[in-house]
Amino acid sequence: MAGKFSVATADLTRKCDSPVFVFKTTQDLEPLDTVIGQKRAVEAIDFGLNMKGPGYNIFVTGYEGTGKSSIVKDILTRHAAQLETPPDLCLVYNFDDEYCPVALEMKSGTAAVFARRMARFVETLKIKIPRSFESDRFQRTRKETQEKYTDQQNLIFTEVETFGAALDVGILQTEKEYQAVPIKEGQPIPAEKYQACDERTKAVIQANLAKVQDKLNLALREMGKLAREMKKEFKKQVEEQAFSIVSRQIETMEDTFGHSPGIEVYLKNVQRDIVENVALFLEAGNSQAEQGLLMMADSLIARYRVNVLCDRKNEKGAPVVVETSPGFQNLFGKIERNPVGESGDFSKIRAGSVLKAHKGYLVLEIEPLLMNPHIWETLKTTLQNQALNIEDLPDQSAMGASLLKPLPIPVDVKVILLGSYEPFMVLQQEDGKFNKIFKVRADFDYEADLTQENELKYARFIARACRDENLLPFTPCGVSAILEYGSRMVEDKKKLSLRFGQVTGLLKEADYWAKKDRANVVSGEFVLKAITAHRFRHNLYEEKVQQGFDDHSILLDVSGSMTGQVNALAVYSIGEIAFGRPTRITAESYMGTPGIINVEHEADMSGQTHDKGVMIVSGYVGRMFAQNYPLSVSISITFEQSYDGIDGDSASSTELYAVLSSLSNVPIRQGIAVTGSVNQKGEIQAIGGVNEKIEGFYDVCVKKGLTGDQGVMIPAANVKNLMLRTDVVKAVGEGKFHIYAVASIEQGIEVLTGIRAGKADAQFHYPDKTVFGLVQKKLEKYHERSRAFE
């Protein structure tokens, strides 16, 4: 009866023997320069790169190892190479606010040159300005000006003296002022002689003194005015002299760098500032000047430095920046501090990745960003505002915030985030700004259809890996083994894995074994050796579990029959290794409170999915056997010798078979292990890890001894997923082991018991001598006895 459900040997695996493999080795193939099976993701990335405007940043999702990072970088590099190289960025002094330096754009490759030219420009002025003011021409002009104003002052003073002399009044100069005093014969009258004069004479003297003092005051005011005019003219001469020197240097700079409006304005400001502060330049060139004045001069000159933030002289096309360590300063820039603490020097400001990627592309992993909410929020703000603020780290406030606060720098950068599905879904649901900023999703698939085109691309990918990693070439047999491994990875004979990270690892290991054997090419033999050796390095725990079956520490029957007992199959994952482990499920039925007792649930050892599976079993039993009367049976189900948590529903059909066996008293073949989930209609549903489960039970049977009656029963929907080991396929071909595929509980119970399941008539009665008939008979007996007890 079970034979009609046997899976043909040809369906147990897929042997790759593609007609497109007409090469001798992969050395004959053109290395792959395209992407395999990622049409959706590639088109999404292309759309995002070509969409202009804010918000069209890209979030790339996909499993690890699908090559999304390398593919994204490759696409970005090719796309960016076709674009114009963005301008350099430099930071200069803000003459309106010294604490808010300004960022300027310059033609690509010119910022560093401009910075050096500005440094030489300042050093040149430190020499030329003092020399210019020491020149004979300037000194002569200055002397002439001084003589002119001095002569005018002397003339005014002489008029006052003449006027006073006529009134016997002279002008006496003290340390603080000029004073009118009475004189006789050109000499001041002593105080005692003045006191000896009569009152009328004194009155005349005082009147004359007042007249002369008034005249003197007017003269002094006029002389002061002339002094101010002289000083103003001196200043004008100094500025004109300084302007003539600076303007010649500035004109040269403007001819070279005046292509940017910002630079032209900046140079004009520099020129004006130098002219206004030329006195400090004179001190800077004077080695004898006081230390305080020298420090002031150095501080002034420092403002003319140019801080190059982004130098693109060696770049071609738009920048592609991959930030592998996205800390706050690495991303957004920093303000370096001197050992004392606070620094007001804008040359200490450094650019981060966001600024370096200006007018280009920035690639980031999402997980590190989400570990620091401040970084994530700052990135979103920067992208929304299209402006970057370079500021201190938030945790540096205790050290004292920097006085420097550069003006916001306009940035036009497209960010490509790489991440898994979980953070993407969380951000979509919980972050209101996320969908507005990252409007493009590029989803990388982990598998591709098995077509001749993809088979050839896979071979070309191997050729590229051999070239890039300096590996031995692969033969068609070796390539076929890699393709079979790729199908095994995705558990589908009609698919190929796109997780090229793992595939590349296998290529390297196969190359290692080939070179160790001193071979010139890598054949399928070495690929198999690499797979086997890799598993051996990682499967210690699997062997320890297997030892439990060997020494009977774990009870498991692989022959004979038993009522209410079925061998289920589970998959254990330890790092990169997954292996199947059989486990015994038992069910006991008895009169009592209707329902199924899930022992694992009662012991708080089961997950939600497993609990759901048990409830589905209960629903199926009610649907099939409780149409004419209520159930009066208690059923206990458990995984024997299970001391860890249980979850998943892949054993729900196995549990149902154990229940049916217990209720019908029909024994189940212990040589057949079972996997598959079930729905309330009794349909067997596909599960994962089918290859590992089959191979795990096969290994146990081999250890305990193959009888020819052993095998595994799987969902029919999983036949396409079979990519079994060669030894398992061989055993099935020789009739030593069997694989059965069933689509319903009815088919499965027939395979396990050798008895027909039975089909209900219109009154929901099942035929006698069928499994379901025996179940119904027992349930009727329980119902009648239950009524008697009541």
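**View 1. A salt bridge joins Asp431 and Lys380 through their side chains.** In this predicted model, the nitrogen-to-oxygen distance of the pair is 2.6 Å. The two partners come from distant parts of the chain, 51 residues apart. Asp431 sits in the loop between α14 (421-430) and α15 (434-437), while Lys380 belongs to helix α13 (residues 373-385). Are these two residues buried or exposed? Both Asp431 and Lys380 are buried.

**View 2. Two salt bridges can be found here, Asp311 with Lys313 and Arg312 with Glu315.** Side chains of opposite charge can pair when their charged atoms come close. For Asp311 and Lys313, the N to O distance is 2.6 Å. Asp311 has a relative accessibility of 26%, so it counts as partly exposed. Lys313 has a relative accessible area of 52% and is therefore exposed. In the other pair, Arg312 and Glu315 meet at 3.3 Å, N to O. Here Arg312 is buried, with a relative accessible area of 1%, whereas Glu315 is partly exposed at 29%.

**View 3. Salt bridges link Arg488, Glu692, Glu695, Asp699, Arg725 and Asp727 into a network.** How many salt bridges does the structure hold? The count for the structure is 31.

**View 4. Helices α23 and α27 pack against each other at an angle of about 60°.** Helix α23 covers residues 652-664 and helix α27 covers residues 771-789, and their axes are 8 Å apart. The crossing of the two helices is left-handed. On the α23 side, the contact is made by Leu660, Ser662, Leu663 and Ser664. On the α27 side, Val771, Phe772, Leu774, Val775, Lys778 and Leu779 take part.

**View 5. Ser677 lies in strand β25, which spans residues 677-678.** The relative accessible area of Ser677 is 2%; because buried means under 20%, this serine counts as buried. Which residues does Ser677 touch, not counting those up to four places away in sequence? Asp649, Ser650, Ser652 and Ser653 are among them, and so are Glu683, Ile684, Gln685, Ala686 and Ile687.

**View 6. Glu254 is part of helix α6, which runs over residues 199-257.** With a relative accessible area of 18%, Glu254 is buried. Setting aside neighbours within four places in sequence, Glu254 is in contact with Glu264, Leu267 and Lys268. Take a moment to find Lys268, which is 14 residues from Glu254 in sequence. From C-alpha to C-alpha, Glu254 and Lys268 are 9.3 Å apart in space.

**View 7. Tyr590, Ile597 and Val599 make a nonpolar surface patch.** The patch has an area of about 220 Å². One of its members, Val599, lies in helix α21 (residues 599-602). Is Val599 partly exposed or buried? At 32% relative accessibility, Val599 counts as partly exposed.

How values were computed:
Residues numbered from 1 in each chain as written. Predicted model: local features only at pLDDT ≥ 70, side-chain atom pairs only at ≥ 80, totals over all residues. Heavy atoms only, no water. Patch = residues over 30% accessible without salt bridge, like charges linked within 9 Å, V, L, I, M, F, W, Y side chains within 5 Å. Areas by Shrake-Rupley, 256 points an atom, 1.4 Å probe, with all protein chains shown as cover. Salt bridge = Lys/Arg side-chain N within 4 Å of Asp/Glu carboxyl O. Helix = DSSP H or I, 4+ residues; strand = E, 2+ residues; numbered from the N terminus. Buried < 20%, exposed > 50% of the residue type's maximum accessible area, 1.4 Å probe, protein only. Axes fitted to C-alpha atoms, helices over the stretch in contact; angles between N-to-C directions. Left-handed = near helix turned anticlockwise from the far one by under 90°. Contact = heavy atoms within 4.5 Å.
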